[in-house]
Amino acid sequence: MSEWWSYGLADFLLFSPRVYFRLFETMNTTWGLAVISALIAGVIAAGLAMRHGHRGNRVILVVLSLIWAWVSYGFMWQYYQPINWVVPYVLPGFVAEIVLLAVFASRPLPLRFGWRGDFSSMVGAAFIGIALVVYPFVGLFEGRDLMQAELFGSAADPTAFGTLGFVLMARGTWRWLLVPVPLIWCLIASATLWVMDQEIAVVPLIAVWLTVFCCWLDLKNGVTTRRMTQAELVEPTD
Amino acid sequence: MSEIDRRTFLKSASAFSALGAATALGGAGPLWAQTIAGQKRPDVIRKAIASTGEEIPAVGLGSWITFNVGNDMELRDQCADVMSAFFSAGGRMIDSSPMYGSSQDVIGYGLDKLGARDQVFSTDKVWTSGDGMEQLAQTQERWNIKSFDLLQVHNLVGINENLPLLFKLKDEGLLRYVGVTTSHGRRTEDVMAVMKNERLDFVQVTYNPIDRDVEEYLLPMAYDRGIAVIVNRPFRGGSLVEKLEGEPLPEFAAELGAESWAQLILKYLIAHPAVTCPIPATTKPAHAAENMRAATGLLPDDKMREQIAAVIGVLI
């Protein structure tokens, strides 16, 4: 395999920005209802995650799991895979994320979403807000049509970026398991956009750095080390 | 090499022979496939493949990035339009690779749509450290073609396994020419070692008026050893022509009949005695036709070639 060292990052970008951004246009026009539904589900999950308290914990995990399943099959497999041979190699990671979210939703594991008021919560809330509201319109500043908007819940980049926000809003020892896949995807997304000369490449890269920093901060503050109490684990019924 | 893949390769070759015979017996193909067939095409400059003397048009068509459009039917049709303009302007060689995403499928789609299988000089690559035969069978299926004119070891990946495989296919009459490729000036010494030790028909390298390293040793060696040269990245992935856009052409361009920087660069390349065929890639049918017109009219002599390189060097 000694030959592979001779490749540079740009050698692996085998599609043009025109083709890449048309993927979103085709997906948005073909699967409009599903795309909008996924976005609305994301907004609902965001509303639940940002509340003070832990209500709707299970709903958030189910929604995120379904969204990752839709992104994996819809965008990644149906649209992105034909132009990027890297996709089949990262899809197992996406599947792992789906399974983890589903397992967390089905078991009373120590993972709870909710506003804590600390720095990580603020960063998490900002990530979710940007992924849901800002990201779709970024293309307009780069001269792209609104139909090519990358929407949370259907496009991989804002979904990974937003998921990191959800994870930072959560507390519990199992939280770190949900970090690697969206984190790695953000790195891949940043590299892809950077090679395509897209200024938005900096956004997923900043997300990676901030997530790593917040994870360290939360580890230090006990957010991800202290086991949840029985009272915290019980889903409120009112 | 797995026997199953080998069988698949051979089976599809036979199937296409049968299909060809059926088409010949039944007359023309389907209506939509008659776009190119029977069309009178202009005479263009042709250059000889040294190992056989066969002549091919001196400009080809690359597919890196430009033809990787996935399942987008609108863009696939645009690629077919590019191929149509290319063939209509006298072109033949189309080059691709398993590394280029959906490009092979898109070429297969274009050949189907245009009914141009008998006109294309099909050029592809093997790019794997694994089962080369399996990859070649997949490549053949994607092009939907009987057999390839030229297969190359892409960037020397798996050279020790893949080059003997290609020679074997050639010896068995399933392949006409064998080559190796490199790009961006990488591993030039390794490529030259292969050129020295193997009976290659083709070598593919990066060459343009800015990237001229190959002029010193590789091109003379190819010429001396009778190895045809395909030139990739003649426009540096398009950036060379973009940077020159808006700059006035030098006066001597008119003497050569060059109407654009793209044509001037291609004429610079074609004029080199060792160069057989540059393969510019494009998404625009007009550019495909414009590129082919570089293979008409006069070519620059050595002095003029130096002037072209000097002018472009100053402007970039």
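A residue counts as buried if 20 or more other C-beta atoms lie within 10 Å of its own, as exposed if 12 or fewer do, and as partly exposed in between, with C-beta atoms placed from the backbone. Helices (H or I, at least four residues) and strands (E, at least two) are DSSP runs, numbered from the N terminus. This is a predicted model: local features need pLDDT of at least 70, side-chain atom pairs count only at pLDDT 80 or more, and totals for chains, interfaces and linings use all residues. Residues are numbered from 1 along each chain as its sequence is written, while chains are lettered from A and ligands numbered from 1 in the order in which they are written.

Start with strand β5 of chain B, residues 148–153. Six of its six residues are buried. Strand β4(B), residues 121–126, runs parallel to β5(B), and four bridges join them (strands pair if DSSP finds at least two bridges). Val126(B) has Val153(B) as its bridge partner. Between β4(B) and β5(B) the chain passes through helix α4(B), residues 132–143, in a right-handed β-α-β crossover. Right-handed means that, with the strands pointing away from the viewer, the path from the first strand over the helix to the second runs clockwise.

Now turn to chain A. Helix α8(A) holds 20 residues, 202–221. Its buried residues include Val203(A), Ala207(A), Thr211(A) and Cys214(A). Trp209(A), Trp216(A) and Lys220(A) are among the exposed residues on the other side. After α8(A) comes Gly222(A), with a positive phi near 85°.

Notes:
Expected span 1.5 Å × (residues − 1).
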